[in-house]
Number of protein chains: 4
Amino acid sequence: MTDERTTLADLRRRVAEFIAARDWEQFHTPKNLSASIAIEAAELLERFQWLTDEQAAVALQDEEKLAAVAEEMADVFIYLLSLANTLDVDVSEAVLGKLERNEGRFPADEWRRRA
Amino acid sequence: MTDERTTLADLRRRVAEFIAARDWEQFHTPKNLSASIAIEAAELLERFQWLTDEQAAVALQDEEKLAAVAEEMADVFIYLLSLANTLDVDVSEAVLGKLERNEGRFPADEWRRRA
Amino acid sequence: MTDERTTLADLRRRVAEFIAARDWEQFHTPKNLSASIAIEAAELLERFQWLTDEQAAVALQDEEKLAAVAEEMADVFIYLLSLANTLDVDVSEAVLGKLERNEGRFPADEWRRRA
Amino acid sequence: MTDERTTLADLRRRVAEFIAARDWEQFHTPKNLSASIAIEAAELLERFQWLTDEQAAVALQDEEKLAAVAEEMADVFIYLLSLANTLDVDVSEAVLGKLERNEGRFPADEWRRRA
């Protein structure tokens, strides 16, 4: 599977099956999942803890290090998708809605000039 | 759009356009994005900071509070998708690969009995 | 040493010596230290990730688990003290000043009634 | 008060009084406090979210920005001290013990050569 043909619903179903097969829904409360997202996000950040942007760019040319970063990203995604399942939140609507509101808050012309 | 017909690539393209329109790629380094994911994850967690699981469940029946939580989730997703773009990581592969490895680490039969 | 006779300056000096002996000041930038504080805070939170408040209280009666939590707390403190050294911030003044401002924001009488 | 003459116990008592005056001990469970530490740590990190180390150094010459950073640091300290109170953990012992163990893990001679 690749991102071109995988829907958000595909990933959500796969996460839901994984959780249900272990009877873990009881632990996947919104508060625990939010804590878990923060915990995994910190593990992702840890990969870059002492690196400058330049050093990080070099490190990420190493296949193994990139794979490790991708795995930390996956952990954050999995808990986010589980939270979407728990709360019955449509991820695409939430993401596209937020980007639309941000279009208004950060007018492209103005910010391109500043950047 | 809804999760049933939105692919990961659809969302990634939309995020990439938003960033590019503002010339923000220069700020979206892996380290800054990882920090941003952690920051937004903490804002999500803040919604449940002082609540028990039971109080959180009640709070989330309020449409406005649920929408606020969905918006915090969107913020985390947006930075994660931007990081996937920056690193050219396939999100679906990373998520499904991680779930597969976790199938081995957490055998369903054994964990269902424990849970 | 114990908290009754150890000053903030005592701990700050000890942290500064540890860092200087390894020539690590170059890595201890405000941004890296803030990221490190967030990373260690997440490791502390991880100790309670799937526990209810009641389960956490039981777990913490175990000496070894309490010691592990204290060690995660120490990690957060050490980076905070290093940041105070880097920025030449007086911790006591910052803490007491913040508590004083919070006295005004959260009048004790009113909040005791609510709680 | 300044760090030279303020003990950890002084700050801990002041935090304990603030909490007790509002009947907030009930909310200050180890899990909630750990989440709060992570949340405040992320607010501290947010101050440096898009800055390079060089830009952060310039920003921190601004008195107001430095004061804002010190206030975020105070928030993390306050929750850490409240957790120390809740768990009856001696902060000085935890910090000095951890530094001593780290002396062994990171021999100064070796790391100075590497740095």
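**Conventions.** I note that this is a predicted model, in which local features need pLDDT of at least 70, side-chain atom pairs count only at pLDDT 80 or more, and totals for chains, interfaces and linings use all residues. Residues are numbered from 1 along each chain as its sequence is written, chains are lettered from A and ligands numbered from 1 in the order in which they are written, and side-chain values use heavy atoms, with hydrogens and water left out.

**Helix α1 of chain D.** I looked up residues 8-21 of chain D, a helix of 14 residues. Helices here are DSSP runs (H or I, at least four residues), numbered from the N terminus. From first C-alpha to last, α1(D) reaches 20 Å, close to the 20 Å expected at 1.5 Å a residue; the expected span is 1.5 Å times one less than the number of residues. I listed its buried residues as Leu8(D), Ala9(D), Leu11(D), Arg12(D), Val15(D), Phe18(D) and Ile19(D). Buried means under 20% relative accessible area, exposed over 50%, and partly exposed in between (1.4 Å probe, protein chains only). These residues pack against α1 and α5 of chain C, and against α4 and α5 of chain D; contact means heavy atoms within 4.5 Å. After the helix comes Asp23(D), with a positive phi near 55°.

**Chains B and D.** I found 14 residues from chain B and 14 residues from chain D in this contact. On the chain B side, Ile39(B), Gln49(B) and Trp50(B) lose the most area to chain D, together 47% of what that side buries. Buried area is the accessible area (1.4 Å probe) that two parts lose on being put together, summed over both. The two chains bury about 1300 Å² between them, 64% of it on carbon and sulfur atoms.

**Ser82(A).** I located Ser82(A) in helix α4 (residues 63-87) of chain A. Is Ser82(A) buried or exposed? Ser82(A) is buried, because its relative accessible area is 4%. Leaving out residues up to four places away in sequence, Ser82(A) touches Val15(A), Ile19(A), His28(A) and Leu33(A).

**Salt bridges.** I counted 44 salt bridges over all chains, each a side-chain nitrogen of Lys or Arg within 4 Å of a carboxyl oxygen of Asp or Glu. Asp3(D) and Arg12(C) form one at 2.6 Å, N to O. This pair crosses from the segment before α1 of chain D to helix α1 of chain C, and both residues are buried. Glu4(A) and Arg13(B) form another at 3.1 Å; Glu4(A) is exposed at 51%.

Terms used
Helices (H or I, at least four residues) and strands (E, at least two) are DSSP runs, numbered from the N terminus.
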